[in-house]
Amino acid sequence: MKITYDEKTRIFRLDCAGMTYAMGVVDEEGFLGHLWFGAQAGEDDLTYLSRTAEFPHVPSVNGRDRGSFLDSFFQEFPGAGVGDYRPCALQIEDENGQAACQLFYDSYRILKGKSILSGLPSTHGGEDEALTLEITMKDPVHGVRVLLFYTIFEGLRAVVRSARVINDGDKPVDVTRLLSCSVDMEDTGYRMLTLDGSWSRERRKELLPLGRGTRSVQSRRGITSHQMHPFVGLLSEHAGQNEGEVYGFQLVYSGCFYAGVDKDQNNALRVQLGILPEEFRERLQPGEELQSPEVLMAYSEEGLGGMTRTFHDLLRGHLMRSPWLHRERPVLINNWEATFFDFDLEKLLGIARRAKKEGVEMLVMDDGWFGKRDDDNSSLGDWTVNEKKLPGGVKRLSEELAAIGMKLGIWFEPEMISPDSDLYRAHPDWALSVDGRTPCRMRNQYVLDLTRKEIRDAVFDQITAVLDSADIAYVKWDMNRPLSDVGSAVKGKSAGSILYHYCLGMYELQERLITRYPELLLENCSGGGARFDAGMLFYSPQIWTSDDTDAIERLKIQEGTAMLYPLSAMGAHVSVSPSQAVGRFVPMTTRGHVALAGTFGYELDINRMPAQDAALIPSQIALYHRYGELIREGDYYRISSWQDNHLNDSYIVVNRDKTQALLFWVQVLGEPNTRSKKIRIPGLDPDKNYRIRIADPAVREDDQSGNFLSHREIEHMSGFLDKTLAGRTLAGAGLLMPKLSGDFRSVLLELLSE
Ligand code: DGJ
């Protein structure tokens, strides 16, 4: 790992783990050009990549065609309005509304390590783990300085970028666009991958060719959103899951975002991510500065899987901070899908007692325990316990649970206010709203103006009063509607500034919470997975992945989510069959296997589920305990995707020294008249021999539930079960997965090296 600057060629290079990122300063004026991001380059002079030897040449040689130069030069951080007609990275307006902006190279520093940003979620790294390059650029007319940050981390093919604008002038300026990165690159036939969806259908992959113009995904909802994700992947022509070049870019931010790729007249791509410019404006007074969120940029020569594992390592190693990150999380039971709002102490304890017997360790009391909330029409903001439902309050519940041997978790929705709440009656101006307009209700609720400190303080005080009143091990922080009516009772702020400061305010609240309760296990949530992003993982080690808990739907949602985020971050629960989301019947065993690929728990009424399903809970929990560490810390390799092949879904998690692996296989649909399915197993050590066994050994003949393997199905695997195969055999010749009887069946195999 090294960062260098060559005084003679004026080239910056970041080299790490077989990857090179290079930039060069050209011409007398000091344009900073992008030279290369990708496979490791030799120790060569890369100046030729700037193309300054060909028309249109640099302005000092060909000032006549300055515009042609600016419009085709690979710019590292393009300004606006002076001749580059491609999308810019920075736009600044002066007092007169003049918005041109152009940056020239000034100086640089190379720093050991990487410190976290103030007020924003970000990566971190010790002096022996990371190197940071800081390049100072200047716009002499605006009197603005821009620091470009680049960090590389030992062993990772990734660059983390951000930018900071500092107003060195003597007049205020408005920053109307500050992206986190802009990367110009040649298009050699890339396809663009995004993760799109809706409520209950989050992060489904979409792969499309790139055409001329800009293709982008974005959120203007004030939160990351169910609909689009702050991620762009670029897959080279022949790239697949395990082969070919892939670039991945993801933003560490949880508000309105932009992620897009522009293809210009020269077939050059400009990849940009950052805060959504249309919904952003920030005034900088003289001396003030503005920091962009970070963007994580991964480069892979091992297909999408390589990108995934780089992101997992980067997030686990250098972004997520919770003490729970490497700990086994308690197996929980959440009462939401069991009771919705209709619960009381006895019902909760009834669930807890039975759950405890089966091996569950924590009860999470979801929405409905406070104010007079018996449905979703009231009480958000009134975080005082409803004693009718919970006599003795949360304290008594926690004590009763402790007596049973269970921990307590509790749900909050701190960013919201119900029109029907004491809080709203006392402070109607605390909701975001625009003068003269009735704010738009969604789920009959408004959004609190978290840009205001007194409001954040009031919310914090209410939450801490509850948390201090009882022994509470876990908090689920929910957020059930996007922002609208973006106006504050404190005047003088643009909507763009409010949206940005709302996000910072929410981050500040979460930081305060985990600072005050360092041992608290925090799970973020947003109407399912509308705010599942790297920004939130800075605060909580896990996030609720989706409100759709149907195991088969979850395969798609978890595939898209796990493409970027570690399995240990995905909230995944076993729920009832037929599922409340789609009415699908799925065997309990399959539901358990699918939920294992995340933070494991239950979301059902354990007292009312079929006995044959309940009987399987102890063995499911045993599986979680046995394989929890492997799943949490291991390397994840996708083998097949139901979303692609419409038949089966498969992935494997391999531990770091490649001595143990767990293979998940779900036969989504049965097919007539077919043979076993060949799968190649990536990630193993080719030179090790692996003994293969069924991890979940339930075998039963004549079972109609789909929970057990039949002797015939076992027989189909007899060629490899309890035998050893070399890693190289498994990678090449592969395994033959048996044809199972029925739909939605699954098999879990353990591979242990001998
Ligand atoms: C949305 C969450 O995703 C659910 O799990 C549940 O907590 C509800 N909100 C409660 O209102």
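A residue is called buried here when its relative accessible area is under 20%. Arginine 203 comes out at 2%, so it counts as buried in this predicted model. Its place in the chain is the loop between β11 (191-196) and β12 (204-209). Most residues other than glycine have a negative phi, and most peptide bonds are trans.

Asparagine 444 also has a positive phi, near 60°, and again the residue is not a glycine. This asparagine belongs to the loop that runs between α6 (422-426) and β25 (446-447). With a relative accessibility of 23%, asparagine 444 falls in the partly exposed class, since that class covers what lies between under 20% and over 50%.

One joins phenylalanine 55 to proline 56, with omega at about 10°. Proline 56 itself is in the loop between β4 (31-39) and α1 (66-72). The other runs from serine 577 to proline 578, and here omega is near 0°. Proline 578 is likewise a loop residue, placed between β29 (570-574) and α11 (588-596).

Next comes the ligand. It sits in the largest pocket, with 13 residues around it. Of these, Asp366, Asp367, Lys476, Asp478 and Asp547 come nearest. The shell is made up of six charged residues, four nonpolar ones and three polar ones. Glycine 528 takes part through its backbone, with an N or O atom 2.8 Å from an oxygen atom of the ligand. As for cover, the ligand has 290 Å² of accessible area on its own, and the protein covers 98% of that.

The loop between β13 (213-219) and β14 (231-235) holds serine 225, and histidine 229 is found in that loop too. Serine 225 has a relative accessibility of 3% and therefore counts as buried. Its side chain reaches the backbone nitrogen of methionine 228 at 3.0 Å. Histidine 229, at 1% relative accessibility, is buried as well. The side chain of histidine 229 makes a polar contact of 2.7 Å with the side chain of tyrosine 565.

Finally, there is helix α10, which spans residues 551-562. Twelve of its twelve residues are buried, so the helix is largely enclosed by the rest of the structure. The buried set takes in charged residues by name, including Glu553, Arg554, Lys556 and Glu559.

Methods
Residues numbered from 1 in each chain as written. Predicted model: local features only at pLDDT ≥ 70, side-chain atom pairs only at ≥ 80, totals over all residues. Heavy atoms only, no water. Near = heavy atom within 4 Å. Polar contact = N/O pair within 3.5 Å; in protein donor to acceptor, adjacent residues only side chain to side chain. Areas by Shrake-Rupley, 256 points an atom, 1.4 Å probe, with all protein chains shown as cover. 1 Å grid on protein atoms, 1.4 Å probe; cavity = no way out; pocket = protein on both sides within 12 Å on 5 of 7 lines; lining within 4 Å. Sits in = over half its atoms within 2 Å of the grid points. Helix = DSSP H or I, 4+ residues; strand = E, 2+ residues; numbered from the N terminus. Buried < 20%, exposed > 50% of the residue type's maximum accessible area, 1.4 Å probe, protein only.
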